[in-house]
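Thank you all for coming. I would like to walk you through one structure this morning, and I will take it slowly for those who have not seen it before.

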Amino acid sequence: MEHGGWQTMFRFDNSWDALMAPEAEKDYYKALRKFLADEYLRSGVRIFPDMNDIFNAFRYTPYDKVRAVIIGQDPYHGFGQAHGLCFSVKKGVPVPPSLQNIFKELQSDTGIIPPNHGELTQWAKNGVMLLNSVLTVREGAAGSHAGHGWEIFTDRAIELLNRREEPACFILWGRYAREKKRLITEPRHRVLEAAHPSPLSVYNGFFGCRHFSLCNEFLRSVGEPEIDWKIDN
């Protein structure tokens, strides 16, 4: 992982490759790579997601295909949950409470019946970048990989999306995600903000936010294809 294996992981096989490649040469990323090698290979604790899933947000949603961005904080820290897309869990894993609430709002807003699972890969492949700010975590220890460089890496991705000529809709749920608004400076983009879908805050403005339909209204207004929010079972 410290050499060829890690570099292979850093390949997205799409338009993100050339844009993000300069980050691999920066000191913060070299330190992050060493930290992750120690965590995954020598720490004796489980790290999520699997090494091969870390960059799925980039792999599934190429830079030139992004039409919406949902920003999360860090991966789920329970066994088998995280697979590189914020708020998403693999099929067969119980749907977490925040995602249950996202599905409730989706149905209330659009009439779309939620799937019987919590995997959001279909959204990612339909142009929704599901980007956590921190891409890895120790089992049972939320925020344990914060402050080691991931935030610089993912902020760079947001800055690059902000520079794009094609408009995108940035969906920011909760205080942490809303702090990323500072990176979205171009007026051609749309920023939607609401409370976090966590059961602790969902009634403080998440339910009723209508972000799914508002995102599509914006995309229509700028001549971009709408997001198909339906997820197959």
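I will talk about one histidine, then about salt bridges, and then about the nonpolar core.

Please keep in mind throughout that this is a predicted model.

Let me begin with His83, which you will find in the loop between strand 2, residues 68-72, and helix 5, residues 97-110. Is His83 buried or exposed? With a relative accessible area of 3%, His83 counts as buried, because the limit for that word is under 20%. Its side chain makes a polar contact of 2.6 Å with the side chain of Ser88. If we set aside the neighbours within four places in sequence, the residues in contact with His83 include Pro49, Asp53, Asn56, Lys90 and Glu119.

Asp53 and Lys90 form one of them, with their closest N and O atoms 3.6 Å apart. Asp53 sits in the loop between strand 1 and helix 4, whereas Lys90 sits in the loop between strand 2 and helix 5, so this pair ties together parts of the chain that are 37 residues apart in sequence. Asp53 is buried, at 15% relative accessible area, while Lys90 is partly exposed, at 36%.

A second salt bridge joins the side chains of Arg210 and Asp109, at 3.7 Å from N to O. Here the link is between distant parts of the chain, since Arg210 belongs to the loop between strand 6 and helix 9 and Asp109 to helix 5, 101 residues apart. Arg210 is partly exposed, with 37% relative accessibility, and Asp109 is buried, with 15%.

Asp155 is in helix 7 and Arg182 is in the loop between helix 8 and strand 6, so parts that lie 27 residues apart in sequence are tied together. Asp155 is buried, at 12%, but Arg182 counts as exposed, at 54%. There is also a network of salt bridges, which links Glu23, Lys26, Arg156 and Glu159.

Finally, the core: which residues have the most contacts inside the largest nonpolar core? That core has 74 residues, and the ones with the most contacts inside it are Trp16, Phe58, Trp123 and Trp229. Beyond its neighbours within four places in sequence, Trp123 is in contact with several residues, among them Ile70, Leu106, Phe212 and Trp229.

Definitions and conventions: Residues are numbered from 1 along each chain as its sequence is written. This is a predicted model: local features need pLDDT of at least 70, side-chain atom pairs count only at pLDDT 80 or more; totals for chains, interfaces and linings use all residues. Side-chain values use heavy atoms; hydrogens and water are left out. Helices (H or I, at least four residues) and strands (E, at least two) are DSSP runs, numbered from the N terminus. Buried means under 20% relative accessible area, exposed over 50%, partly exposed in between (1.4 Å probe, protein chains only). A polar contact is a pair of N or O atoms within 3.5 Å; within protein, one must be able to donate a hydrogen and the other to accept it, and residues adjacent in sequence count only if both atoms are side-chain atoms. Contact means heavy atoms within 4.5 Å. A nonpolar core is a set of buried Ala, Val, Leu, Ile, Met, Phe, Trp, Tyr and Cys residues joined through side-chain atoms within 4.5 Å. A salt bridge is a side-chain nitrogen of Lys or Arg within 4 Å of a carboxyl oxygen of Asp or Glu.
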